[in-house]
Amino acid sequence: MDTTYDPALAGEGADDGQPLLYPRIDCRDVSVFYSGKQAVFDVSLPVFDRSVTALIGPSGCGKSTFLRCLNRMNDTIDGAKVTGEIFMDGENINSSHIDPVLLRSRVGMVFQKPNPFPKSIYDNIAYGPRIHGLVDDRQELDAIVEKSLRRAGLWEEVKDRLGQPGTSLSGGQQQRLCIARAIAVRPEVILMDEPCSSLDPIATARIEELIDELRKRYCIVIVTHSMQQAARVSQRTAFFHLGHLVEMGDTDQIFTSPRERRTEDYITGRFG
Amino acid sequence: MAQELGQLPMGWLLTALIVIVVASGFSIGRIRAERYLIAGGQKFHSRGNYHGYYVAMWGFIPPLLVAGLYVLFAKPTALGLLSSELPEAFHTLSSAELQSYLESVANAAAMGGYSGSDLVFATVTGRYLELWGSLKGATLALMLAGAVTGIMYARRKVSPAFRARLRVERGAEAFLFLCAAIAIATTVGIVASLLYESLRFFAEVPFTDFLFGTRWNAQTSAEFGALPLFFGTFMIALIAMLVAAPVGLFSAIYLSEYASVRTRRYVKPLLEMLAGIPTVVYGFFALLVIAPAVRASALGINSFLIELGAANGPVLAAQPTSALAAGLVMGVMVIPFVSSLSDDVINAVPDSLRDGAFAMGATKSETIKQIILPAALPGIVASMLLAVSRAIGETMIVVMAAGQRARISFDPSTDLTTITVQIVALLTGETEFDSPKTLSAFALGLVLFVVTLIFNLIALRVVQRYRDKYE
Ligand SMILES: Nc1ncnc2c1ncn2[C@@H]1O[C@H](COP(=O)(O)OP(=O)(O)O)[C@@H](O)[C@H]1O
Ligand SMILES: [Mg+2]
């Protein structure tokens, strides 16, 4: 696998494997309402670059809703309203002069169920670079497709069948295809909403390895309902309950000595 | 006496008999079952009602079978008996002549008898009525006997252990199957008769002359080249689709992707109402409003071209009825066929694909153009095919607004005729049933049927595969 630093593909910063300690994204008092009903309450949360932040909590506690604030995907839901400020590179992405379309090219997203487009494997990857005009000719595009697939650990498996439909791959391969697709537009941040929940344990292990690899270049936020997964892949963990951010900190600390009673109860499986 | 029987209103009698039999069968079965209950003893397997239904079923089926035989065979039997009794003098008649003679006898009998001056005919008709009457009497007696036997048989079966409920369930299933079979049998029957009459037509007119001949003149001389009709049908359907395909598709996109739930709830039924307007209304709209407008614009273009010096005579035909007028209006009529089904398939494209595209930073129109429409394409194509097949089969609008002259012309302001228009023309007015002229209508009908069937089959298959993909 290609792990050398590549400015054309990487997020900002050098690949020295060290978490950066300034927040890449800084959320302040973020609340979300669905048709007036509040689902997320005043969440303030810094997200650090070149590390994995895991959002955990019982289902329905607002993890996905909060995650969708980070690339303004809530804009596409009728009746959803987001308040509060989310700073990315010193700019509030909730302010009206930010174009969500541009924002989403900087913040990639991977969904719970693999959702490859009904196109060939090649075109799935090439879709983003094409619509954002990132390439001038076919050669450049070929290079991006190959690099993205390599990064997603899928290249060896699909290099001879790039013309086949993305939907012809297995579930785990499809999810890696979706990750490659997100990488191809050179995002700075990658959001993942339970990316392994529809996969078998072997495919899950591959994705987790991949996340660990990607962490060296990107800022990753992952929603997971599996505490083992959070413990395995993340450096920071945030625990949500009933729409509130209960506690956040280094993953080690959250799992070994949580400060809040509710966090401890959840982690030890007493509810959720 | 037998003659009077001949006048019996059989339909009413059969119905009345069956109602009575069913009602009495039901109460007989139920009362018998309940008598057991009152007497105490074992628990019944089935409730009293089921025993009632069971007995009624047995009272119902034998007379129904007899009635079926009567409907199918009574008339041929009576006529057969009659012709075997006819005197020597009739034996010189050819079989076709005899057939039509017998037919007129049957008609006279159906009118209640013959009271004219032709003594022979009066006698024959009288005898026919006698035969007919005996048949009716026999049928009624047989039905009654069948019903009574059936009820007696079933009544004996009523007992605590008897599983009447299961038998009734099976009876209900058979009844439902019969209803489905009727629909299928009707279709098969229609297709068979189309085929049969078409074959008779092709025995007189060579198949290739019909399919590839360019002169159609069935009314006055025997010219059966149907190519101009196919052309006219194709031309008008094409014009219709030029209207319906874009308008229908774009309204589907608006409805499914842009309109709010509220708007959609009102606009979609409104659009679908276009399909509910009677086609005759479209027809006179086409004839009275659109056709004159088409003619006026064609005339305008003509004089404009002449003034410019680009032409030294009229270029467009500018007829009072025209392919364009019929096609435009038909296009409006089939819009909902495109929009409604396309809207459904676009809606069926999973939201996860939309989310995926938005998350890649695609705009709404990019998402629709590059992700949604390609994904929904098979269904959209299917909706277009259904619309085409509807346009090809449409009759009223073209009868009123397209014209009668069979010809091949690409000038949309000229009058053309279509398959459906010619079928109407061939079968209205004085027709002898055996002439190639009439038979040609069946051949045209067959072509129409085959073409629309193919379109519909392809469309159904495509939609089916599309469903399989996303469910
Ligand atoms: N599109 C929506 N419309 C209305 N309510 C929603 C929508 N999505 C989520 N919710 C509600 O918001 C709350 C949080 O949901 P979600 O963020 O999906 O939770 P999680 O991802 O933690 O399971 C839930 O109560 C859910 O019912
Ligand atoms: Mg969720």
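R186(A) sits in the loop between α6 and β7 (189-193) of chain A, and its phi is positive, about 55°, although R186(A) is not a glycine. That is worth a look, since most residues other than glycine have a negative phi. With a relative accessible area of 30%, R186(A) is partly exposed, a class that falls between buried (under 20% relative accessible area) and exposed (over 50%), using a 1.4 Å probe and protein chains only.

This is a predicted model, in which local features need pLDDT of at least 70, side-chain atom pairs count only at pLDDT 80 or more, and totals for chains, interfaces and linings use all residues. Residues are numbered from 1 along each chain as its sequence is written, chains are lettered from A and ligands numbered from 1 in the order in which they are written, and side-chain values use heavy atoms, leaving out hydrogens and water.

- R72(A) counts as buried because its relative accessibility is 13%.

**Around ligand 1**

- The residues around ligand 1 include Y34(A), S59(A), K63(A), T65(A) and I77(A), where being near means having a heavy atom within 4 Å.
- By class, this shell holds four nonpolar, five polar and two charged residues; here Ala, Val, Leu, Ile, Met, Phe, Trp, Tyr, Cys and Pro count as nonpolar, Asp, Glu, Lys and Arg as charged, and the others, Gly among them, as polar.
- Helix α1 (residues 63-69) of chain A gives the most to the shell, with four residues.
- A polar side-chain atom of T65(A) lies 2.4 Å from an oxygen atom of ligand 1, and a backbone N or O atom of G62(A) lies 3.1 Å from an oxygen atom of the ligand.
- Y34(A) places a polar side-chain atom 3.4 Å from a nitrogen atom of ligand 1.
- Taken alone, ligand 1 exposes 560 Å², and the protein buries 61% of that; such areas come from the Shrake-Rupley method with a 1.4 Å probe.

**Helix α3 of chain A**

- Helix α3 (residues 121-131) is mostly covered, with nine of its eleven residues buried.
- Among the buried residues are I121(A), Y122(A), A126(A) and P129(A).
- Their cover includes α4 (138-151), α5 (155-158) and α6 (171-183) of chain A, together with α13 (364-393) of chain B; contact means heavy atoms within 4.5 Å.
- After α3(A) comes G133(A), with a positive phi near 60°.

**The annotated stretch**

- An unreviewed UniProt entry carries the annotation "domain: ABC transporter" for residues 25-267 of chain A; such annotations may be inferred rather than shown by experiment.
- Over residues 25-267, chain A is 37% helix and 27% strand, and the end C-alpha atoms are 26 Å apart.

- L211(B) lies in helix α7 (residues 207-212) and is partly exposed because its relative accessible area is 22%.
- Leaving aside neighbours within four places in sequence, L211(B) is in contact with L227(B) and F230(B).
- T220(B) is in the loop between β1 (216-217) and β2 (223-224) of chain B, and counts as exposed because its relative accessibility is 69%.

Note on methods
Polar contact = N/O pair within 3.5 Å; in protein donor to acceptor, adjacent residues only side chain to side chain. Helix = DSSP H or I, 4+ residues; strand = E, 2+ residues; numbered from the N terminus.
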